[in-house]
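Q: Can we go through this one together? I'd like the plain version.
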Amino acid sequence: MAPTPAWTLNDLAHLLEGEEWQAADKVTLGLLRAAVKLNGGSLTALDLAQMPCSTLFAIDALWTQASYGHFGFSVQQRLYEDLDRGFDPASLSPWNPHPFCQAVGWLMLTVPRPLAFFKFYDFLDFSLDAPQGHLPALWYWQLTWWESLQTGGLGTGRGGGFADLARLDALMLRLARCSQE
Amino acid sequence: MVRDLSSSPLLTFVVKLLEPGFSPDQLEEQAQLLHDDLQALSDLRRTRLTCLYSQRGQTRVQDGVQFEAPADYLRRILRRLCDRLEDRPLETLVVIQQGPVKLAVQTHEADRLASILEAAEALIPPASLYRAKLDAYIRTQGELSPAEEANLELLRQRLGLSPQEAEDLKAIALGPYRTLAEKSQYFESVLMAELARESPLSEATWELLEEVAANLNLPLEVATALYHDHLHRIQVEVEAIRQREQAAAEAAQRTAAQAQEAEQQQQQQLGRQQQLDQYREMVRQILQTTLYAPDFDQGRLEQARRLWKIEAKEALQMEEAIRSELYGSIQSSLDVDYSRLRQLLWGQLWLEADQETENAILKLLGHQMQPLDREAIMHLPCIDLLTIDQLWSRYSNGRFGFAAQVKIFQQVDRRPADFLRAVDWRGPLLSLTVGVKPYKSLQFNASAPQGHLPTWRWCCPSLESGYEVSEAVVDTLCGHLQKCFAMEIPPLPMPLTALGGE
């Protein structure tokens with residue numbers, strides 16, 4: 001696996017200013033990995049739970065600013081908290097994913113619904129026409145081959161697989177805890 | 001001043017100008033000059049000179065003077081008249097009368113007038129003349145100087161008095177105190193006696209003393225000087241005494257004032273203590289029913305605080321102390337504020353209290369709110385853990401809290417897996433989720449199983465997918481808590497295991 005180039009927040013800012021959303025998403029994952037000293041691979045729930053608050057805040061500030069509040073972690077967290085309130089995790093199943101995943105447009109909305117398959121990464125909408133909170137997404141999509149298989153995917157990351165609530169919840173909980181510091 | 005003139009016989013003098021050639025105006029002018037001349041004599045300065053008038057045709061013209069003078073002035077008066085005649089020989093009639101005897105001479109020649117001196121002196125008894133001289137000398141000095149003694153000796157010879165007679169006269173004139181020093185001494189003793197009675201002397205007393213001085217033949221100036229000396233000395237003494245007394249009085253006043261001030265301060269402190277006690281009682285009454293005073297009571301407290309002038313900070317501390325006493329202390333070793341946790345527990349808001357517990361514990365270690373691993377758990381400060389436990393325990397009657405959890409851990413023989421099931425954090429292993437429950441499925445109410453709360457969500461990376469506490473964490477935390485309870489650091493207001501489980 002190729003080592004992740006040493007991205008900086010400046011790189012992210014430039015890409016976001018140029019509305020290079022997909023490239024910005026990749027750089028975002030790189031920055032998150034670097035923050036927890038990860039050379040490659042996916043971010044586990046524990047990685048996300050220990051993510052430095054300052055990194056999360058800095059990345060989020062750039063995304064929300066460039067997208068006029070359309071993308072960014074804080075946008076996702078707000079949506080997640082709103083939707084989570086009415087969701088019973090005990091009812092979680094491949095046919096009943098967390099309502100957040102649907103709200104941000106990460107699910108394949110093909111018939112027959114409601115199957116909770118995730119979109120393949122390249123099919124995400126990298127524009128401001130995407131639903132609110134659609135991006136950043138790669139931090140969630142990037143899985144190892146084995147993890148991908150575990151979640152029902154085809155070794156192609158999140159795409160085609162089911163939701164992984166632990167990872168999603170870990171970042172959202174992390175964001176909530178950071179905002180309390 | 002009373003002059004004792006009895007010793008010196010008085011002579012009556014009449015001097016009249018008899019110049020027929022003068023016009024009335026001229027005559028009047030000369031009579032006036034004569035009058036002024038005689039008045040200018042030092043001996044006659046105090047003697048009243050009576051003007052004499054005579055009829056000249058139609059007008060009444062002043063032409064002479066009449067006066068009385070002591071016999072010893074005779075020489076000087078006659079000499080002055082002689083001088084006048086030498087200067088301006090006017091026809092003058094001089095009459096000198098002593099008792100029934102009268103001596104008259106009319107002349108314009110000085111020599112002729114001078115010649116009557118002998119005759120005039122013969123008018124007076126020699127003893128009385130000698131006595132008059134003697135008196136005059138003594139009156140001025142209070143004693144006889146050698147020159148005066150010599151003069152008197154000459155006079156005695158001229159008058160033909162025997163030395164014995166003269167000595168007797170001297171003895172009478174000088175009185176019992178012969179020298180000025182003796183007189184002064186005597187006067188002084190009288191003065192002191194009077195001053196002892198009153199100081200300064202009244203006008204009347206001083207007049208009496210003046211008379212004493214006159215009778216002693218003590219010159220008035222000497223007497224006055226003595227009086228002033230004594231008065232001054234007395235005044236100085238009195239002033240010294242007054243100052244001493246004033247200083248003593250001031251000192252006494254000062255000590256009295258200090259004593260009063262101390263007493264006042266004590267009373268103020270006492271009053272202050274009472275006020276503080278009253279305020280404390282008021283706070284206690286209000287907090288008896290509620291954790292935080294509603295607006296109305298807050299207003300009452302604020303008024304009382306202002307009335308009794310209690311500092312806002314002090315009042316707040318007092319209020320907090322009472323609140324801690326009534327609702328559990330919230331001490332922290334790391335300045336974490338547990339008042340919100342206490343408030344939530346007091347309100348039986350279990351879910352919110354659980355979240356607040358996580359918040360407090362994550363803040364304790366300052367690890368950027370990262371979930372705690374076993375290493376971090378070992379570093380949780382005991383004081384804070386006990387504070388949290390004490391609050392949970394108090395408001396759940398011992399059902400919740402770390403102590404309840406530790407007790408269960410001991411009951412299951414320190415087996416972590418059994419502990420997780422005992423507190424109902426893990427479901428049956430044979431379920432779809434392998435026994436892991438999402439955080440939301442936990443029970444946040446007062447009837448939850450013993451030790452179910454507070455959760456240890458602060459060691460979990462995520463909660464929605466499953467509230468998973470590893471067995472290693474159970475082992476570590478329970479061990480750490482047991483150590484903390486064994487230390488028994490703060491005196492806890494409630495027994496930790498107040499409510500038995502089964």
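Predicted model: local features only at pLDDT ≥ 70, side-chain atom pairs only at ≥ 80, totals over all residues.

Q: How many helices and strands does chain A have?
A: Chain A has 9 helices and 0 strands.

Q: And how much of chain A is buried?
A: Of its 181 residues, 44% are buried.

Q: How many residues does each chain put into the contact between A and B?
A: Chain A gives 20 residues and chain B gives 14 residues. On the chain B side, these are 6 nonpolar, 6 polar and 2 charged.

Q: Switching topic. Which peptide bond in chain A is cis?
A: The one from Leu135(A) to Pro136(A), with omega near -5 degrees. Pro136(A) sits in the loop between helix 6 (99–103) and helix 7 (138–141).

Q: What about chain B, which residues does a cis bond join there?
A: Leu453(B) and Pro454(B), with omega about -5 degrees. Pro454(B) is in the loop between helix 17 (416–422) and helix 18 (471–487).

Q: Where is Gln348(B)?
A: In the loop between helix 12 (339–346) and helix 13 (350–365) of chain B. Gln348(B) has a positive phi of about 55 degrees, although it is not a glycine.

Q: And Asp413(B), is that buried or exposed?
A: Asp413(B) counts as exposed, because it has 8 C-beta neighbours inside 10 Å and the cut-off for exposed is 12 or fewer. Its phi is near 55 degrees, also a positive value in a residue other than glycine.

Definitions and conventions
Residues numbered from 1 in each chain as written. Chains lettered and ligands numbered in written order. Helix = DSSP H or I, 4+ residues; strand = E, 2+ residues; numbered from the N terminus. Buried ≥ 20, exposed ≤ 12 C-beta atoms within 10 Å, placed from the backbone. Contact = placed C-beta atoms within 7 Å. Nonpolar A, V, L, I, M, F, W, Y, C, P; charged D, E, K, R; others polar.
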